[in-house]
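Dear colleague,

I am handing over the structure we discussed, and my notes on its pocket and its sheet follow below. Please read them with the model open.

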Amino acid sequence: MGNGTSRLYSALAKTLTSSAASQHPEYLVAADPEHLEPIDPKELLEECRAVLHTRPPRFQRDFVALPADCPSSHPPIRVMQWNILAQALGEGKDNFVQCPIEALKWEERKCLILEEILAYQPDILCLQEVDHYFDTFQPLLSRLGYQGTFFPKPWSPCLDVEHNNGPDGCALFFLQNRFKLVNSANIRLTAMTLKTNQVAIAQTLECKESSHQLCIAVTHLKARTGWERFRSAQGCDLLQNLQTITQGAKIPLIVCGDFNAEPTEEVYKHFASSSLNLNSAYKLLSADGQSEPPYTTWKIRTSGECRHTLDYIWYSRQALSVRSALDLLTEEQIGPNRLPSFNYPSDHLSLVCDFSFNEEP
């Protein structure tokens, strides 16, 4: 292993203690990128794969090209949405009964997560259940050219787990060579006028190639059956905030999130019928263009097997076109033990789309 990869390995191996993580009050505001030596993404990918050499090979996922109404003179914008599974929850609370505990070891699982990000090289990255922001994602991704923002849950369930790494929350990253940050808002979602434990980040970016502005938002709504009305209220609050931030939909919008809601729920219907004129990108992969995927998460817990569609990428249908979308893993690829596994680091699948602005006539 050469000096370059040795330096990378030391970056990969570095882990903050939970006490160190808790000494970061700056997690409440956008973190500045660290002024460290840049990393070549190919070198980091190679290093991740070296760490993962004993694991089975990852499955191939292909992009599906989608017909677009308007040609674009600028490169597409790749957006990745992913609930990466908080380490404290995966090891301490989620009870994935078919997943060997060795598959959840952070030193290897973080390399699987990074490998997935590096394989698709998103321009904008929206993550949920991030509890290793300061010791892993912010230092490494900033060296890859991303600017990041982290907003934790006020009462993260990770803090109930012994030897936790601090609270989990949402994180939003964008490539600084493609975008300039215009403004940023950390939103604590409300439901029935009450402040809740769920959060969102919304940022207005300016594309350096085209000077177009784009609002990107990431969120993670309340989980579990029985909380449908609560999720609906949180969704309405987020839409109201986004209405203001986008100046009544004048700024094109992309919303990424784990909504913890099937398409039959009210919160989904609120987004589908909003005056922001949003469409769900992954519907475009269906034969009729109207149906969501059969699942975005698939796991086996002590309570039984759960297969649900909970994750979405919403976009302004008048201002933006989806050029392509990353197909999901098949049931055969996922395997009988479901997710997470030695092959895949999270119980949720990543969603990746290429967008372009619809050119003015």
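The largest pocket holds about 870 Å³ of space, where a pocket is an open set of points, on a 1 Å grid over the protein atoms alone, at which a 1.4 Å probe fits, with protein on both sides within 12 Å along at least five of seven lines; the volume is the space filled by probe spheres set on points joined across faces, edges and corners. Its lining counts 33 residues, and Lys222, Ala223, Arg224, Asn260 and Arg301 are the closest to the centre (lining means an atom within 4 Å of a point).

This is a predicted model, in which local features need pLDDT of at least 70 and side-chain atom pairs pLDDT 80 or more, while totals for chains, interfaces and linings use all residues. Residues are numbered from 1 along each chain as its sequence is written, and side-chain values use heavy atoms, without hydrogens and water.

At least two lining residues come from each of β7 (194–207), α7 (228–245), β11 (297–301) and β12 (304–308) (DSSP runs numbered from the N terminus, helices being H or I of at least four residues and strands E of at least two).

Turning to the sheet, six strands form an open, mixed arrangement in the order β6-β7-β8-β9-β13-β10, two strands being paired if DSSP finds at least two bridges between them. Because β6 (179–191) and β10 (278–280) are edge strands with a single partner each, one side of each is left without a neighbour in the sheet. Strands β8 (residues 213–220) and β9 (residues 253–258) pair in the parallel sense over six bridges, and Val218 stands opposite Cys256 in β9.

Best regards
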